[in-house]
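Keep the sequence and the structure in view while reading.

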Amino acid sequence: QVQLVESGGDSVQAGGSLRLSCAASGYTSSNNCMGWFRQAAGQEREGVAIISRTTLSTYYADSVKGRFTISRDNAQNTLYLQMNNLKPEDTAMYYCAASKWACNKPNWNRTDQYQNWGQGTQVTVSS
C-alpha cells in the first residue's frame with residue numbers, strides 16, 4: 001500500500017509561482033510512474049505531468065508546457081511540481097498519483113492508469 005500526501009497549494013496572483021510536493025510512504029518502490037493531475041470545479045480530472053521512476057523521462061499537458069516542471073527525488077520518496085507564470089485557468093485541486101506500471105504515454109491522462117492517489121492540495125490563481 002502506498003500513501004501520498006500533497007502540500008504546497010496556496011492562493012497566488014497571476015504570474016506567480018508555486019511548488020507542490022507529494023510525499024510518498026509505504027511500498028514506494030512500486031511507484032514506477034508518478035504524476036500530477038488537477039480538477040477544477042465542475043470539471044473532470046485531467047493530467048498535468050508525469051515522470052518515470054527509472055528513466056526520469058517526463059510528459060506534460062500542452063496547457064502547462066514551458067511553465068511547469070515535474071521532478072522526483074526517489075531517495076526521499078518525494079514528487080514535485082514547480083509551477084511558474086501561473087494563470088487563473090490553473091486554478092484547481094491538484095492531486096498526486098502513482099502507478100505500479102511504467103509510464104504509458106498514449107494513456108497517461110487516464111486516471112485508471114494510477115492505483116494510488118493523494119487527497120489533493122488547492123491552488124487558486126487570481127487575475
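V2, L4 and E6 make up the covered face. Q3, V5 and S7 make up the uncovered one. The model is a predicted one.

Strand 1 runs antiparallel to strand 3, and six bridges join the two. Within this pairing, E6 stands opposite C22 of strand 3.

Strand 5 covers residues 46–52. Six of its seven residues are buried, so the strand is largely enclosed by the rest of the structure.

On one side, strand 5 pairs with strand 4, residues 33–39. The two run antiparallel and share six bridges. C33 has S52 as its bridge partner in strand 5. Strands 4 and 5 form a hairpin, with six residues between them. G42 lies in that turn and has a positive phi of about 75°.

Strand 5 also pairs with strand 6, residues 58–60. This pairing is antiparallel too, over three bridges. Here A49 stands opposite Y60 of strand 6. The two strands form a hairpin with five residues between them. In its turn, L56 has a positive phi of about 60°.

## The nonpolar core

In soluble globular proteins, nonpolar side chains tend to be buried together. The largest nonpolar core in this model has 33 residues. W36, L81, M83 and Y94 touch the most other members. Several strands give two or more residues to this core, among them strand 1, strand 3, strand 4, strand 5 and strand 7. Strand 9 gives the most, with five residues.

## Two disulfides

The whole structure holds two disulfides. Counting bonded cysteines along the chain, they follow the pattern 1-3, 2-4.

One joins C22 to C96, with an S to S distance of 2.1 Å. The pair links distant parts of the chain: C22 is in strand 3 and C96 in strand 9, 74 residues apart. The link is left-handed, with -75° about the S-S bond. Both C22 and C96 are buried.

The other joins C33 and C103, whose sulfur atoms are 2.1 Å apart. C33 lies in strand 4 and C103 in the loop between strand 9 and strand 10, so the pair ties together parts that are 70 residues apart in sequence. The S-S torsion is about 95°, so this disulfide is right-handed. C103 counts as partly exposed because its value is 23%.

## T78 in strand 8

T78 is found in strand 8. Its relative accessible area is 14%, so T78 is buried. A polar atom of the T78 side chain lies 2.9 Å from the backbone oxygen of Q76. Not counting residues up to four places away in sequence, T78 touches S21, C22, S71, R72 and D73.

## Salt bridges

The structure holds five salt bridges. In the one between D90 and R67, the closest N and O atoms are 2.7 Å apart. D90 lies in the loop between strand 8 and strand 9, and R67 in the loop between strand 6 and strand 7, so the pair ties together parts that are 23 residues apart in sequence. Both D90 and R67 are buried. These two residues belong to a network of salt bridges that also links R38 and E46.

D62 forms a salt bridge with K65, with the closest N and O atoms 3.1 Å apart. D62 counts as exposed because its relative accessibility is 64%. K65 is partly exposed, with a relative accessible area of 47%.

D112 pairs with R110 in a salt bridge, the closest N and O atoms being 2.7 Å apart. D112 has 47% relative accessibility, so it counts as partly exposed. R110 is partly exposed, with a relative accessible area of 41%.

Note on methods:
Residues are numbered from 1 along each chain as its sequence is written. This is a predicted model: local features need pLDDT of at least 70, side-chain atom pairs count only at pLDDT 80 or more; totals for chains, interfaces and linings use all residues. Side-chain values use heavy atoms; hydrogens and water are left out. Buried means under 20% relative accessible area, exposed over 50%, partly exposed in between (1.4 Å probe, protein chains only). Helices (H or I, at least four residues) and strands (E, at least two) are DSSP runs, numbered from the N terminus. Two strands pair if DSSP finds at least two bridges between them. A nonpolar core is a set of buried Ala, Val, Leu, Ile, Met, Phe, Trp, Tyr and Cys residues joined through side-chain atoms within 4.5 Å. A disulfide is a pair of cysteine sulfur atoms within 2.5 Å. A polar contact is a pair of N or O atoms within 3.5 Å; within protein, one must be able to donate a hydrogen and the other to accept it, and residues adjacent in sequence count only if both atoms are side-chain atoms. Contact means heavy atoms within 4.5 Å. A salt bridge is a side-chain nitrogen of Lys or Arg within 4 Å of a carboxyl oxygen of Asp or Glu.
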